[in-house]
Amino acid sequence: MTEKIPANNTWQTAVTQLDSVSKLMMLSEDVHQLLRNFERILTVSIPIRMDNGSLRIFNGFRVQHNSARGPYKGGVRYHPELTLDDLKALAMEMTWKCSLAGVPFGGAKGGIICNPKTLSKSEIERLTRRYTYAIMPIIGIEKDIPAPDVNTNEQIMAWMMDTYSMNNGYCTPGIVTGKPVNIGGSLGRTDATGLGITFALANAVKSRKMDFKGLKVAIQGYGNVGSTVGKLLGEMGCKIVAVSSSKGGVYNSRGLSHTALMKHYKEHGSFEEFPHAENITNEALLELPCDVLIPAALANQITKENAAKIKAKLIVEGANGPTTLEADQILAERKIPVVPDILANAGGVIVSYFEWVQDVQCYFWCETEVNMRLENLLNRSYEEVFSLSHERKVNLRTAALILAVKKVVDAIQVRGLYP
Ligand code: NAD
C-alpha cells in the first residue's frame with residue numbers, strides 16, 4: 001500500500017521521481033517498495049545548557065535510507081525550518097548520488113532544528129557534541145559517516161569527530177568527512193562540490209556546443225558551494241553577473257568581482273549596496289538574462305510560478321532539490337537542460353569518499369591527485385548520463401536516476417533478503 005504524502009514538499013518530489021523511474025525501469029513492486037522505505041529513522045532530543053544558564057531542548061534526526069551498496073553517507077544540516085520530510089528526501093537523494101558516482105556508500109542525512117545564527121559558538125559546540133552523542137549508536141566508520149551541509153562546517157565536523165573519539169576511546173578520524181586537514185581531512189574537500197559543478201558545467205557546455213569563455217552566470221546562494229563556483233568560474237573566464245544570500249542579491253550584466261563580493265559580504269553581512277551593482281531579490285535573480293543559472297541555496301526555488309520566466313539557456317543544480325516537479329516539466333518543454341543535483345553537486349560526496357579512504361588507509365594524497373580523481377569520476381558520470389539520456393530520449397535527471405537506481409537494485413538483488 002502506497003503511503004499518502006502531503007503535497008508540495010521535497011519528500012513528495014523525491015518519491016514521485018522514484019515512482020516514475022521505477023515505472024520506466026519496470027521494477028517489481030517489491031523492489032520499488034524497498035526503495036520507497038527507509039532502513040532507519042532516529043529522532044533525538046538534545047538538551048543544552050544555554051549561555052544564560054537556561055535549559056533548551058532541540059530536536060535532531062538521523063535518517064538512513066539504504067545501505068545496499070555500502071555504509072550510509074550524508075550531511076548534517078542545522079536550520080530553523082528543517083523537517084523530517086526534508087531529511088528523508090535528502091537521504092534518498094544521497095543513495096542515488098553515491099550510486100551514480102560509483103562510490104561505495106548508501107544514503108543518509110541528519111540535522112537539528114535550530115537557527116545557528118542566534119546561538120553562540122559555545123552553544124553550537126554543546127549542541128553538536130550532544131547531538132553526536134545521541135546518534136552515536138547508529139554512526140561509525142563502517143556504519144554511517146556524517147559530513148557538513150547547510151550551516152555546518154569543518155569546525156562542527158571536528159567537534160563531532162572529537163566527541164565520537166572520546167566516547168570510542170581512541171582517535172577515529174574516519175567517523176566524519178569534511179573535517180580540517182590537520183585531523184584527517186582531505187586536501188581539496190572544501191572546494192570539491194564547487195569544483196565538481198564546474199566540471200559538470202564544462203561537460204554540459206561542451207555537449208551543447210556553447211562557448212565556455214564569457215558565459216554569463218547567475219548564482220543563487222553564495223555560501224560554501226555558490227562562492228566556490230563563483231571564484232572558480234571567474235578564474236576560468238566566465239562572467240558572474242549575479243549572486244545572492246538569504247538577504248537578497250546583486251546584479252551587474254558586465255560581471256562582478258568575486259574578491260570584492262567576499263570582502264563586501266564580510267564587512268556588511270550581505271551583498272546589498274555592493275558598489276556598481278543593482279540590488280535584486282532572490283526571486284528576481286532566477287529570472288535574469290544570463291547563459292547559466294546555478295541555484296546553490298535551498299530546495300524548491302525553481303517552481304511552476306517562475307520556470308516559464310527563466311531566461312538562462314542551461315541550469316546546473318548546485319543545491320539539492322532546487323527544482324520542483326512542475327518546474328522540471330516546464331523547463332523540459334522549453335528545452336532548457338537541467339544538470340541534476342545528483343550529478344552536478346556530487347563533487348562533495350566524491351571527495352568525502354576520498355577523505356574516508358585516506359583516513360582508513362592513514363595515507364594522504366596531494367590536492368592535484370584528489371582533483372584529478374574527482375574530475376575522472378565526474379566526467380565518467382556525465383558521459384554515462386548524457387549517453388543514456390540520448391539513448392532513452394529522457395532528460396538528464398531521469399537518465400541519472402535510472403543509472404543510480406539500477407546499481408542499488410542490482411545490489412539489493414544480489415544480496416537477497418535477510419533472513
Ligand atoms: P551554505 O549555508 O554555505 O550557503 C547557503 C547559501 O544560501 C548562503 O549564501 C545563504 O545566505 C543562502 N540562502 C539561505 N537561505 C536562502 C533563501 N531562502 N534564498 C536564497 N538564498 C538563501 O550552504 P552550502 O554548503 O553552500 O549548501 C548550499 C546547497 O548546496 C544546499 O542545498 C546543500 O544541500 C547543497 N550541497 C552542498 C554541498 C557541500 O559540500 N556543502 C554538497 C552538495 C550539495
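**Exercise 1.** Determine how many salt bridges the rule finds across the interface of domain 1 and domain 2.

*Solution.* Step one is the criterion: a side-chain nitrogen of Lys or Arg within 4 Å of a carboxyl oxygen of Asp or Glu. Step two applies this rule across the interface of domain 1 and domain 2, where 0 salt bridges are found. The model is predicted: local features need pLDDT of at least 70, side-chain atom pairs count only at pLDDT 80 or more, and totals for chains, interfaces and linings use all residues. Residues are numbered from 1 along each chain as its sequence is written, and side-chain values use heavy atoms, with hydrogens and water left out.

**Exercise 2.** State which elements each supply at least two residues of the side of domain 1 that touches domain 2.

*Solution.* Helices (H or I, at least four residues) and strands (E, at least two) are taken as DSSP runs, numbered from the N terminus. The elements are α1 (10-24), β3 (72-79) and α3 (84-101). Of these, α3 gives the most, with 5 residues.

**Exercise 3.** Describe the extent of the interface between domain 1 and domain 2.

*Solution.* First, the bounds, from an automatic or database domain assignment, are 10-171 for domain 1 and 192-344 for domain 2. Next, contact (heavy atoms within 4.5 Å) links 16 residues of domain 1 with 13 residues of domain 2. Finally, the buried area (accessible area, 1.4 Å probe, that two parts lose on being put together, summed over both) is about 1,000 Å², with 56% from carbon and sulfur atoms. In domain 1, E93, K97 and L100 lose the most area to domain 2, together 36% of what that side buries.
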